[in-house]
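Work through the exercises below with the model in view. Try each task before you read its solution.

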Amino acid sequence: MQTGRHIVNLALIGFMGTGKTSVGKLVAEQLHLEFLDTDELIQSRTGRTIADIFAKEGEPMFRALERQLVDELSHRTKLLISTGGGLPTNLENLAKLKSHALVICLWSSPEKIWERVGHQSHRPLLHDANPQKKIRDLLAAREPFYKQADVLVNTDIRSLREVAQQVALQFKLATRDKK
Ligand code: S3P
């Protein structure tokens, strides 16, 4: 893939439950990149869970923490950045990530997402009377943002390892001969 950019990092974007963290860890190990998860970083820095931040300060505070992190990460190299599902809905975040990273979106259907996250309870946005509808609506609203990724990988039809292989391959193609 020819992007004409100076790509030194890899960023995974995509909806909750598309496998960003699991895939990211596998690929980071394979490509010798440092794995970072924006949700984990926010939690370790604030000493609070995301659910707690959402409950006490609200979503805008969480989004501000995400923006701050995106700014900081743009000065670093050799990272695999796994992002929270809503992070790229801020176009400035997306543009900043693209300035240094190959941005790959892991895509899933709402049905698969529900299969993966339905039994989990730590995501405040899914604390809803009808979480399946919430997933469908949020995914539809976010699709235009996710589709601005450099590469889209459909995770419905691939195993975790196959998704990781695709991601690693795309990064190698985007960075070959440019090191
Ligand atoms: C969110 C996704 C979560 C987390 C927060 C908000 C979202 O991350 O950042 O609960 O807006 O989709 P994951 O995508 O890692 O679940």
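Predicted model: local features only at pLDDT ≥ 70, side-chain atom pairs only at ≥ 80, totals over all residues.

**Exercise 1.** Find where the ligand sits and describe the residues around it.

Solution. Next, count its neighbours. The shell holds 13 residues. Lys20, Asp39, Arg63, Arg123 and Arg142 are the closest. Now sort the shell by type. It has 5 nonpolar, 3 polar and 5 charged residues.

**Exercise 2.** Examine the ligand's oxygen atoms and give their distances to polar atoms of Asp39, Gly86 and Arg123.

Solution. Take Arg123 to begin with. An N or O atom of its side chain is 2.6 Å from a ligand oxygen. Move to Asp39. Here a polar side-chain atom lies 2.7 Å from an oxygen of the ligand. Finish with Gly86. Its polar backbone atom is 3.4 Å from a ligand oxygen. A polar contact needs N or O atoms within 3.5 Å, so the Gly86 pair qualifies. Then check the cover: on its own the ligand has 380 Å² of accessible area, and the protein covers 94% of that.

**Exercise 3.** Search the whole structure for aromatic pairs, then classify what you find.

Solution. The search gives 1 aromatic pair. Its partners are Phe54 and Phe62. Check the distance: the ring centres are 5.2 Å apart. Check the angle: the planes make 45 degrees. Stacked needs under 30 degrees and edge-to-face over 60, so this pair is tilted.

Definitions and conventions: Residues numbered from 1 in each chain as written. Heavy atoms only, no water. Near = heavy atom within 4 Å. Polar contact = N/O pair within 3.5 Å; in protein donor to acceptor, adjacent residues only side chain to side chain. Areas by Shrake-Rupley, 256 points an atom, 1.4 Å probe, with all protein chains shown as cover. Nonpolar A, V, L, I, M, F, W, Y, C, P; charged D, E, K, R; others polar. Phe/Tyr/Trp six-rings, centres within 6.5 Å; stacked < 30°, edge-to-face > 60°.
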